[in-house]
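Biologist: I would like to learn how to read strands and their pairing. Could we go through an example?

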Amino acid sequence: MSMSASTELDEIRIIEQGVPPTRFARGWHCLGLARDYKDGKPHSVEAFGTKLVVFADSMGDIKILDAYCRHMGGDLSQGVIKGDAVACPFHDWRWDGNGKCADIPYARRVPPLARTRRWLAMEKDELIFVWHDPEGNPPAPDVTISEIRTPDAEWTEWEWKALEIDTNCREIIDNVVDMAHFYYVHYGMPTYFKNVFEGHVAIQEQRGESREDVVKWDDPEIPRLLGNRSVAAYHGPSFMTDDLVYIYDRYEVESMLINCHYPVGPDKFVLMYGISIKKTEQVPAEIAEQLMEAMIGYIGIGFEQDAEIWKNKTRIENPLLCEEDGPVYQLRRWYEQFCVDVADVTPEMVQRSEFELDTSRPVEAWKAEVAANLARQAGEEERV
Ligand code: FES
Ligand SMILES: [Fe+2]
């Protein structure tokens, strides 16, 4: 047998699975609605491979500490708020928002080194964020979350949902560039698709049409959804805002969609999404509330569709791409900036780059498929 004989194995693509990293991304991570944390109780948040306690002090300022008490390991999130401190349920040690033990009611003095880890918290546009940095530094001044929506009466209250997903959170990041899955998984049809990466922001600009073979409409009383326009941007590794306009046959609905997550561990993350709709003359408060219910419903279905794929797929470091796929490798290089020390961030990770996909071939193929599906469905109806 000659050494140069090639086997079938030389010609097939081998998947490099890699391993989910145990280091979590540096950045602001949204923990949900501020109001949910301001009920006078400590809250437990499992994140970044540990457990946090989130509570509001007497001024209503959100404080975040390690949940595990430095005394004997009690869980502060099971304790109670006493004044500005969270009291451990095990022996009542009181931990203030700076992570200092302020009082031990049964002790003559507090040990001078009684300090626990405090996490930087930020409240912005009714949402709570926690800063995570494996190097232990505060955020650079330019690393922030930009204004989310005009905080006035024009917009409906956030409708907010959370779900746990049993996979590494890079899967949801990949979505940013994955044009084709919107057709196959989410029953949409992107007709325009562009990504821009710059600094800590990654943008996905998209226009799409509804798939008539899937999204049925037979009641002329009900507004018919024709498609959407969306400009979505990740601000850092985990928080995406989406200016999303739904185009109906009789009006357009402006909405703000938040899609964010925080890692629980290497193989688990909490996915959260929220929506708020702009009230207009055509979309007064009552209709806006109804539309929001419907939207949160199908956005939820959308994430469940993704989750079903993630549950069964493998991690893949070397995706095999065709020309009509988005820039997965560039996206991952952008994401890498959050996973290395600040000193190791390279210019390639943060430089501006733009990728507009040519959607002409996909749209041609998809329109033909939709037409064929519609014809088949019409045939099936006739036979009934
Ligand atoms: S373990 Fe928390 S007070 Fe003892
Ligand atoms: Fe998706």
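Predicted model: local features only at pLDDT ≥ 70, side-chain atom pairs only at ≥ 80, totals over all residues.

Biologist: Which strands does β18 pair with, and in what sense?

Modeller: Strand β18 covers residues 268-277. Strand β12, residues 159-165, pairs with β18 in the antiparallel sense over seven bridges. In that pairing, glutamate 164 is opposite valine 270 of β18. Strand β17, residues 252-265, also runs antiparallel to β18, and ten bridges join the two. Here methionine 256 faces serine 276 in β18.

Biologist: What joins β17 to β18?

Modeller: A hairpin, through two residues.

Biologist: Why is β18 described as largely enclosed by the rest of the structure?

Modeller: A residue is called buried if 20 or more other C-beta atoms lie within 10 Å of its own. Eight of the ten residues of β18 are buried, so the strand is largely enclosed by the rest of the structure.

Biologist: And how do side chains sit along a strand?

Modeller: In a regular strand, they alternate between the two faces of the sheet.

Biologist: Let us take another strand. What are the partners of β13?

Modeller: Strand β13, residues 188-198, pairs with β14, residues 201-210, over ten bridges in the antiparallel sense. These two strands form a hairpin with two residues between them. In the turn, glycine 199 has a positive phi of about 60 degrees. Strand β13 also runs antiparallel to β19, residues 353-356, with four bridges joining them.

Biologist: Which residues stand opposite asparagine 195?

Modeller: In β14, glutamine 204 stands opposite asparagine 195. In β19, the bridge partner of asparagine 195 is phenylalanine 355.

Key
Residues numbered from 1 in each chain as written. Chains lettered and ligands numbered in written order. Buried ≥ 20, exposed ≤ 12 C-beta atoms within 10 Å, placed from the backbone. Pairing = 2+ DSSP bridges.
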